[in-house]
Number of protein chains: 2
Amino acid sequence: MENKYFSELPGEEVLYDLADLFKVFGDSTRLRIMTALSQSELSVMQIAEALGMEQSTISHQLRVLRQNKLVRARRDGKQMYYSLDDDHVKKIIEMGLDHILE
Amino acid sequence: MENKYFSELPGEEVLYDLADLFKVFGDSTRLRIMTALSQSELSVMQIAEALGMEQSTISHQLRVLRQNKLVRARRDGKQMYYSLDDDHVKKIIEMGLDHILE
DNA sequence: TCATCAGATGAACAGTTATTCATATGTTCG
DNA sequence: CGAACATATGAATAACTGTTCATCTGATGA
């Protein structure tokens with residue numbers, strides 16, 4: 001097994017952190033935000049309109065994504081522009097798709 | 001972008017299924033079960049002892065994992081032996097670790 | 001400075017979920 | 001068959017989480 005981590009099992013505390021990370025991916029609103037951002041940087045209002053949801057909802061979820069370093073924010077005047085923070089995001093989503101699409 | 005899925009964004013229904021999948025990974029008990037099973041096939045009781053948790057708890061969570069095709073069960077006499085169902089499991093966990101371990 | 005717009009935040013509520021306890025199912029063996 | 005053991009399952013409970021509403025902060029430009 002050419003395995004990166006499992007030769008030595010991840011410790012228990014790491015698994016708690018990992019669960020927290022996957023919790024973030026385990027919500028469709030957040031997934032929709034992330035896939036929208038995989039296309040281009042967007043402001044909060046643009047995301048809200050794209051998803052047909054309230055600005056407040058999006059803002060709350062963006063905070064969760066930011067805290068988990070999955071998105072990054074940049075201010076431009078009155079708007080905040082969000083984008084994906086790193087490539088792991090796309091890769092994690094792709095792995096998940098691999099599983100459910102058999 | 002040499003991207004497998006994002007050239008065409010995943011549809012909304014797919015994202016709901018995907019969120020459900022990640023919800024399964026978003027619980028430390030289930031993650032601990034999966035990492036334990038990444039080492040070897042184990043019976044319900046063996047898992048319960050390894051994690052220091054009740055048989056019932058493990059059994060409930062194994063059902064969730066089974067329903068999501070993440071583990072597979074095999075009966076041998078009185079015991080049920082569980083193992084990981086496919087390689088995606090390890091890969092998804094590895095991707096997550098990549099993110100949190102920077 | 002003041003009105004306006006974009007975004008953030010806190011409290012409240014409803015819905016979901018993990019665990020426990022008690023019990024049921026199913027298998028083995030005497 | 002009946003006892004003993006392994007696992008599954010249902011109901012109950014406690015904790016958590018996503019959304020909404022109302023409000024606040026902060027930036028712009030007239």
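**View 1. Protein residues around DNA strand D in the predicted model.** DNA strand D is surrounded by 26 residues, and the closest are Thr29(A), Arg30(A), Ser56(A), Ser56(B) and Tyr82(B). By class, this surface has 5 nonpolar, 12 polar and 9 charged residues. Sugar or phosphate accounts for 66% of the atoms of DNA strand D within 4 Å of the protein, and bases for the rest. The model shown here and in the following views is predicted.

**View 2. Elements that form the surface near DNA strand D.** At least two residues each come from helix H2 (28-37) and helix H4 (55-67) of chain A, and from helix H3 (44-51), helix H4 (55-67) and strand S3 (79-84) of chain B. The most is given by H4(B), with 6 residues.

**View 3. Polar atoms of chain B beside DNA strand D.** Met45(B) places a backbone N or O atom 3.0 Å from a phosphate oxygen. For His60(B), a polar side-chain atom lies 2.8 Å from a base oxygen.

**View 4. The interface of chain A and chain B.** Contact involves 44 residues of chain A and 44 residues of chain B. The buried area is about 4400 Å², with 73% given by carbon and sulfur atoms. Between the chains there are 2 salt bridges; one of them joins the side chains of Arg32(A) and Glu12(B), at 3.7 Å from N to O. On the side of chain A that touches chain B, helix H1 (12-25), H2 and helix H5 (88-100) each give two or more residues. H5(A) gives the most, with 12 residues. The residues on this side of chain A comprise 21 nonpolar, 10 polar and 13 charged.

Conventions. Residues numbered from 1 in each chain as written. Chains lettered and ligands numbered in written order. Predicted model: local features only at pLDDT ≥ 70, side-chain atom pairs only at ≥ 80, totals over all residues. Heavy atoms only, no water. Near = heavy atom within 4 Å. Polar contact = N/O pair within 3.5 Å; in protein donor to acceptor, adjacent residues only side chain to side chain. Helix = DSSP H or I, 4+ residues; strand = E, 2+ residues; numbered from the N terminus. Nonpolar A, V, L, I, M, F, W, Y, C, P; charged D, E, K, R; others polar. Contact = heavy atoms within 4.5 Å. Buried area = accessible area lost by both parts, 1.4 Å probe. Salt bridge = Lys/Arg side-chain N within 4 Å of Asp/Glu carboxyl O.
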